[in-house]
Every structure is written in structure tokens, then in C-alpha cells.
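I opened the model today to look up a few strands and contacts. My notes are below.

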Amino acid sequence: MPVEQEEATEVKKGSWLSRGLNKLSEAASTVKTKTASLLDFHSGAADIVCVKHKDGTFLCTGFNVHVARDAKSTLRDETIDISVNGQATELRMVLGDRHNGQFIDGGVIPSSTQLAELPLREGQNSVTFQLTSAPNSRCEAVLYLWSPEEALVICDIDGPILKADLLGYGAGKLGMADAAHKGVCEVFNFIAASGYKVVYVSSRPITKAGKT
């Protein structure tokens with residue numbers, strides 16, 4: 001009889017320990033999910049335009065990326081890994097005081113040599129910025145590799161295309177289909193059909209880049 005009671009006690013202890021470990025695992029998973037959500041909400045990266053000249057040199061707009069401003073005290077000086085078209089590269093950035101990425105020289109534009117080493121293809125390329133110490137933190141951007149002969153039309157989003165800044169932020173969520181000026185889609189379709197590349201610019205926060 002005492003043996004049976006001892007076995008029952010061991011089973012009970014094992015069940016209690018198992019439940020406790022499961023609770024800890026669930027809590028860790030929740031924290032991980034919420035951290036990833038926080039990083040996603042407070043992070044963003046702007047698209048990049050890159051030009052390859054006939055002499056083989058490259059020039060591009062800035063690699064502008066911002067990561068998780070609410071975690072500023074814990075992420076300062078963290079390294080940002082950069083992947084292009086799904087391939088890891090040797091290009092690295094670090095987070096500055098304002099949680100903006102920068103290269104070692106303090107700038108945001110890679111050298112021609114660094115750009116030449118990236119696995120770029122003509123047209124659209126995917127760029128991923130990811131904190132080395134936080135694999136769940138990711139910012140996505142698009143790098144457009146164009147020739148210097150491309151004809152461009154540069155247009156602001158809020159005002160010329162959308163009727164107002166406020167409508168641009170909330171029209172989609174409110175189900176408003178008339179946030180854009182009448183006929184604007186036809187105009188830009190005509191511009192694209194005429195052989196022009198359209199570059200859209202905005203003064204919205206970089207954390208809204210993906211949704212913009």
C-alpha cells in the first residue's frame with residue numbers, strides 16, 4: 001500500500017511539473033509574438049532606386065530603415081543584416097541613437113563597390129533588413145535597379161493623388177473609395193504606357209512605408 005501511494009504521488013508531481021513547463025512555454029511564445037508584433041508596428045524601410053551606369057559604377061538613394069523605437073534602450077548599436085533577393089550579403093548596418101540604421105561611415109548610401117557585390121538583377125529586387133540578435137525583426141523594402149536612360153515622373157502621394165493627408169491614412173479602413181482625385185488612375189496609366197517610370201514620394205513616417 002505505501003508503495004502504491006508513493007507511485008501516485010510521483011505521478012501527481014510529474015503532472016504538476018508538466019503543466020508548469022507548458023505554462024512557461026506558452027508565456028514565452030506569447031512574449032515572442034508580442035515582441036515581433038511591436039517590432040513590426042514600429043519598424044519600416046523605404047524603397048530604394050539604384051542606377052547602374054555604362055562604366056559599371058552604381059549609385060543609389062539611401063538605405064533608410066527604422067527599427068522598434070519603443071525598444072530604444074535595448075537595441076542601440078545592434079547590427080542589421082541585409083539580404084537581397086533572399087540571399088545573405090556582407091552589407092551591414094548598425095542602429096543609431098534614434099533607431100535609424102546607418103553604415104559604419106554614418107551614412108545610409110553604400111559605395112559603388114558594395115552595390116556591385118550585391119546579387120541585384122535589372123528591375124525589382126527584394127531587400128530585407130533584420131536585426132542580428134532578433135530574427136523576428138524584419139523590415140522589407142524594394143530596390144529598383146534601372147539604367148541611367150530611364151525617364152522618370154516623380155509625384156507626391158498626398159495632395160496630387162489623394163485629396164488630403166488624412167484621407168490617405170484612413171480612407172481604406174473606413175471603406176471610402178473616393179480618396180483619390182477623379183481620373184488620377186487614368187493619368188498614371190497613360191504615363192506608364194508612355195514609357196515613364198513613376199516614383200512616388202511621401203512625407204509620411206517611415207514606419208508607414210509598407211502600408212503606404
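The model is predicted.

**Strand β5**

I started with β5, residues 79-84. Its covered face holds Ile80, Ile82 and Val84. Thr79, Asp81 and Ser83 make up the uncovered face.

I then looked up its partners. β6, residues 87-95, runs antiparallel to β5, and five bridges join the two. In β6, Met93 stands opposite Ile80. The β5-β6 hairpin has two residues between the strands. I noted a positive phi near 55 degrees at Asn85.

β5 also pairs with β8, residues 123-131. That pairing is antiparallel too, over five bridges. Asp81 has Gln130 of β8 as its bridge partner.

**Salt bridges**

How many salt bridges does a search of the whole structure find? I get two.

Asp81 and Arg92 form one of them, at 3.0 Å from N to O. Asp81 lies in β5 and Arg92 in β6, so the pair ties together parts 11 residues apart in sequence. Asp81 counts as partly exposed at 23% relative accessibility. Arg92, at 37%, also counts as partly exposed.

Lys54 bridges to Glu149, with the closest N and O atoms 3.6 Å apart. Lys54 sits in the β2-β3 loop and Glu149 in the β9-β10 loop, so this pair ties together parts 95 residues apart in sequence. I find both Lys54 and Glu149 exposed.

**Surface patch**

Last, I checked a nonpolar surface patch. Leu152, Ile154 and Val201 make it, at about 260 Å². Leu152 lies in β10, residues 152-156. Leu152 has 40% relative accessibility, so I log Leu152 as partly exposed.

Note on methods
Residues numbered from 1 in each chain as written. Predicted model: local features only at pLDDT ≥ 70, side-chain atom pairs only at ≥ 80, totals over all residues. Heavy atoms only, no water. Buried < 20%, exposed > 50% of the residue type's maximum accessible area, 1.4 Å probe, protein only. Helix = DSSP H or I, 4+ residues; strand = E, 2+ residues; numbered from the N terminus. Pairing = 2+ DSSP bridges. Patch = residues over 30% accessible without salt bridge, like charges linked within 9 Å, V, L, I, M, F, W, Y side chains within 5 Å. Areas by Shrake-Rupley, 256 points an atom, 1.4 Å probe, with all protein chains shown as cover. Salt bridge = Lys/Arg side-chain N within 4 Å of Asp/Glu carboxyl O.
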